[in-house]
Amino acid sequence: MAAPLTLLLIVAVTIRAALFRSSLAELIAERVEVVSPITAWKRVVEGLALLDLGVSPYSGDVFHETPLIIYMFHFLVDYAEITFMVSLNKNIILKHFVVEFRKQKFALEADRYPMDSLELIRSPKEMYYIPLKVAMFYLLNPFTILSCVAKSTCGLNNAVLALFFLSTIKGNVLLSAIFLCLATYQSIYPITLCAPAMLYFMQRQYIPVNFRRVSFWWFIVQYLFMYLGSLFVLICLSFFLLGSWDYLPSVYGFILSVPDLTPNIGLFWYFFAEMFEHFRLFFLCVFQINVFFYTIPLSIKLKEHPVFLMFMQLAVISIFKSYPTVGDVALYLAFLPVWSHLHRFLRNIFLVSCVLLACSVLFPVLWHLWIYAGSANSNFYYAITLLFNVAQILLVSDYFYAFLRREHHLTNGLYLKRKDGSEATLILK
Amino acid sequence: AEWIHRFSLPTCPLLAVLHNENTNFIRIIVSIAGQFFSSGHTNNWAVLVCTSRFWFNYRHVANTLSVYRSVKRLGIPDSHIVLMLADDMACNHRNPKPATVFSHKNMELNVYGDDVEVDYRGYEVTVENFLRVLTGRLPPSTPRSKRLLSDDRSNILIYLTGHGGNGFLKFQDSEEISNVELADAFEQMWQKRRYNELLFIIDTCQGASMYERFYSPNIMALASSQVGEDSLSHQPDLAIGVHLMDRYTFYMLEFLEDIHPASKTNMNDLFKVCPKSQCVSTPGHRTDLFLRDPGSVLITDFFGSVRKVELTMDAINLTDPIKQMEENPVNGEEQKEVYSYADQLPVSEIIHQKPKQKDWHPPDGFILGLWTLILLVFFKTYGIKHLKHIF
């Protein structure tokens, strides 16, 4: 497993190094699909330059990253390319480990199910290659390559999230809380990943998920204490870096109130560009709640499957966040091989993959037609954005359906029979 | 020859003082006079001529405007520049970038700018007008801006560009000026005491033929190509559609962009501009008529307007009658008042001075706090037993 992984790493690093040195690097670094006003490398450099001139980097609408990023890049700005590649590789290794630890879960489940559904359970032989596939899906995904070459801080976000996954699955409550806190500190949305993390730990520690039990609440209090405590510490520490609180409106205020309406692959910009001021707050709340809203229903439904819940939450965040980029999309796409056993139940995979491919190709085309050639307008670009998001949502819901269906088959057998023995079909109502 | 007498005129006060008995006083005056009269000129003029019209001769206008720009930048005011452009490229209807004349592709330098003063334009640029400007034989109604009002202490820069051949320069595609006519015009200028020193630069094909016939003193000449060679143009700009500059002037402009009023660069460096490898033609120069050694001639003697300044803190009483020179021998001691001319403004330092950037460093408290936390988390995760291995 080490040899193919090393080979993969070498190939990925070569591709990225080659692209870094070519003239495409600047072209990619300014594409709106790859960088957003939060993650753009140009803005990081600008913020550091402002700091060198003695001005707060948060003055003016330039820099929207957290002070810890300032601290990190203050020393690493000359080695930016290497930093991003390192964080990328760390990402991979972490996912690799994450997946390895999933195997043990399957071993636990094997003896609970009726005989004929055994074929649904993956054999260890199949699962042997999943870490490599995950690594391949992430490293060689054109979205990640673009994101890395553009030096967008999305790569760092992904690295922190991967660290969070690793520590959660390894069972370390403190580290998981700390990494989740770091991820939330950078962009607010990973707070929804609290729920699956907590559910996972409770499952590991055999705490039943029951509202009436004290142990349930006690664990939640513990985890939340660690999480909120580290968040508080981080925020205070960031205050001490620059000596002022003006990073709070610049970072969190920016993410939540969406003042910058540069087109990106998300849903916010077009709506808010054409909206009247009177209704702006209302729609802002609606759009933001959309991200957080799915946490509770999904947790209730998937309380026995927290890892899948994590995947779903991650997908929901990537689709509905205020400034998505292709780097966020790549993060949850990388986890698809983990659920390769669901392939037989997926219904729309052909449609989804065609639409995703077509949209990815059409993004730069319609952008060029709109901005440079002037023969299209923003509606064209937004149509493709909409289609892209619809395809993503379809993908996610398809996987959800497939998962639930597999669970049903596991408990009820693969070949469903009615009471009189004839074959039955399963309909989703 | 009469020019020897001519040169001794400025030294007359020197000679007068030399007769004085107080030798120390003399020594000091000599040093001052030497400093003041080392270049011999008190004012600078420039006559910049572009002789060709039509859109495809864009580069000749750009050449002239580049030299105009350098000369203005180095201090010669518009009142001392006679700019003659035979056609208007900036507002030409074929110019895709109106109101601009670029000297380099990628639009790096717009030499037209906001304050270009053209004295002779369009069809006014003729051989007759050019010669009348040089010799000063203009009708009384000519405005001052169209006259070359130079005197015997003026250093004049004359720059010609256009299409030329062996012994002639073409004006406006309809007439020519020959090298003999030009040499005679310069001789008229010399006899009428209309220049102190002249620098003649020509950027045309076979440009060296134009200075072959000069015979007046104090003329230094440069040309972009020898007889039998063509002067070539620099790169074309695909957006504008024409060649933007000629090679010789392009490299000369590059050279001049590094000159500032306090530069000590001399003519020998200008002779080296645009060697054959860059210019394809062989630039030539002629210095035999020039009195001073080209190595002692500063570029700013011709291209700029550099004045010597003496700073004094004393108040000078102008109402007192001037003391006679005979009173000085009474004072036997050395007069230690040494006047020295102030250096030019340290322009090079001012130009290249960047604001001192204080690098921002994160506060120590922050670094301490952050790394303490990281260490704490590390030890909590991996156990306290590692501590004893570290310490």
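How do the residues of the lining of the largest pocket divide into nonpolar, polar and charged? They split into 32 nonpolar, 7 polar and 2 charged. Ala, Val, Leu, Ile, Met, Phe, Trp, Tyr, Cys and Pro count as nonpolar, Asp, Glu, Lys and Arg as charged, and the others, Gly among them, as polar.

This is a predicted model: local features need pLDDT of at least 70, side-chain atom pairs count only at pLDDT 80 or more, and totals for chains, interfaces and linings use all residues. Residues are numbered from 1 along each chain as its sequence is written, chains are lettered from A and ligands numbered from 1 in the order in which they are written, and side-chain values use heavy atoms, with hydrogens and water left out.

**The pocket**

The volume of the largest pocket is about 1300 Å³. A pocket is an open set of points on a 1 Å grid over the protein atoms alone, where a 1.4 Å probe fits, with protein on both sides within 12 Å along at least five of seven lines. Lining residues have an atom within 4 Å of a point. The volume is the space filled by probe spheres set on the points, which are joined across faces, edges and corners. Of the 41 lining residues, L68(A), I178(A), F179(A), L182(A) and I374(B) are the closest to the centre. α12(B) gives the largest share of the lining, 10 residues. Helices are DSSP runs (H or I, at least four residues), numbered from the N terminus.

**The interface**

Contact means heavy atoms within 4.5 Å. Buried area is the accessible area (1.4 Å probe) that two parts lose on being put together, summed over both.

| Item | Value |
|---|---|
| Contact residues, chain A | 18 residues |
| Contact residues, chain B | 16 residues |
| Buried area, chain A and chain B | about 1500 Å² |

Carbon and sulfur atoms hold 76% of that area. D52(A), Y71(A) and L237(A) supply 36% of what chain A buries against chain B, more than any other three residues.

Notes. Helix = DSSP H or I, 4+ residues; strand = E, 2+ residues; numbered from the N terminus.
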